[in-house]
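Open the model in your viewer and keep the sequence beside it. This tour tells you what to select at each stop.

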Amino acid sequence: MLFSNECADQLAKEAITKGDPFPLPKPFSYLKSESKSAALSIWQDSWDNGETGRSTHDIVPRVSHKPVGWNREEIMFVTGNGPFPSYLHRFNLQTHDNCSCGEKGDPIHYATKCRLTLFWHFQTPTVSLKLQWLKNIQKNPTSTPNAFHMW
């Protein structure tokens, strides 16, 4: 027994000074965690430096596997991907990007200026406060734009 303790002590000293003489494979949980972290890092870099989704990036700058919890109307409002003339025109599904009232038909227009949606208008934000305004709308359940149901 004494010999095995001396041998173990010697191996421990060598491991400390030279590195582990018996490399053990990493546990699966460690590998899973490392690969998830690397994937999130690549995804974040792509999200930060991409050309699409900039309006959404302003509101949700960090990528995550956790859903943001937005409903369909909130997603359409933030992304601008919905029954808006500006969106339909972008894909040549409409010949112009104007609303029926004559102004550019994007989500901000319908939420703040359009005379056809007066019943749920928000106060138009200043340019410098637009990002905070959008974030506040998403966080406040009583201010969620529900007029998209009319389409």
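Contact here means heavy atoms within 4.5 Å. Keep that cut-off in mind for the first stop.

Before selecting anything, note that this is a predicted model, where local features need pLDDT of at least 70, side-chain atom pairs count only at pLDDT 80 or more, and totals for chains, interfaces and linings use all residues. Residues are numbered from 1 along each chain as its sequence is written, and side-chain values use heavy atoms, with hydrogens and water left out.

**Stop 1: Ser100**

Select Ser100. It sits in the loop between α5 and α6. Leaving aside neighbours within four places in sequence, Ser100 is in contact with Arg115 and Leu116. Is Ser100 buried or exposed? Its relative accessibility is 67%, so Ser100 counts as exposed. The classes are buried (under 20% relative accessible area), exposed (over 50%) and partly exposed (in between), with a 1.4 Å probe and protein chains only.

**Stop 2: the whole chain**

Zoom out and colour by secondary structure. The protein has seven helices and zero strands. Helices (H or I, at least four residues) and strands (E, at least two) are DSSP runs, numbered from the N terminus. Of the 151 residues, 26% count as buried. Among contacts with a separation of 6 or more, 31% join residues 24 or more positions apart.

**Stop 3: Gln44**

Move to helix α2, residues 28–49, and pick Gln44. Gln44 counts as buried because its relative accessibility is 6%. Not counting residues up to four places away in sequence, Gln44 touches Pro61, Arg62 and Val63.

**Stop 4: the salt bridge**

Select Glu103 and Lys113. They form a salt bridge, with the closest N and O atoms 3.8 Å apart. The rule asks for a side-chain nitrogen of Lys or Arg within 4 Å of a carboxyl oxygen of Asp or Glu. By this rule the count comes to one salt bridge. Glu103 lies in the loop between α5 and α6 and Lys113 in the loop between α6 and α7, so the pair ties together parts ten residues apart in sequence. Glu103 is partly exposed at 37%. Lys113 is partly exposed too, at 46%.

**Stop 5: the nonpolar cores**

Which residues make up the largest nonpolar core? Select these eight: Ile59, Trp70, Phe77, Val78, Ile108, Ala111, Trp133 and Leu134. Helices α4, α6 and α7 each give two or more residues to this core. Apart from it lies another core, of five residues, including Met76, Phe84, Tyr110 and Cys114. A nonpolar core is a set of buried Ala, Val, Leu, Ile, Met, Phe, Trp, Tyr and Cys residues joined through side-chain atoms within 4.5 Å.

**Stop 6: the largest pocket**

Switch to a surface view. The largest pocket has a volume of about 440 Å³. Of its 20 lining residues, the closest to the centre are Ser55, Val78, Thr79, Gly80 and Arg90. On a 1 Å grid over the protein atoms alone, a pocket is an open set of points where a 1.4 Å probe fits, with protein on both sides within 12 Å along at least five of seven lines; lining residues have an atom within 4 Å of a point. Grid points are joined across faces, edges and corners, and the volume is the space filled by probe spheres set on them. Helix α3 gives the largest share of the lining, four residues.
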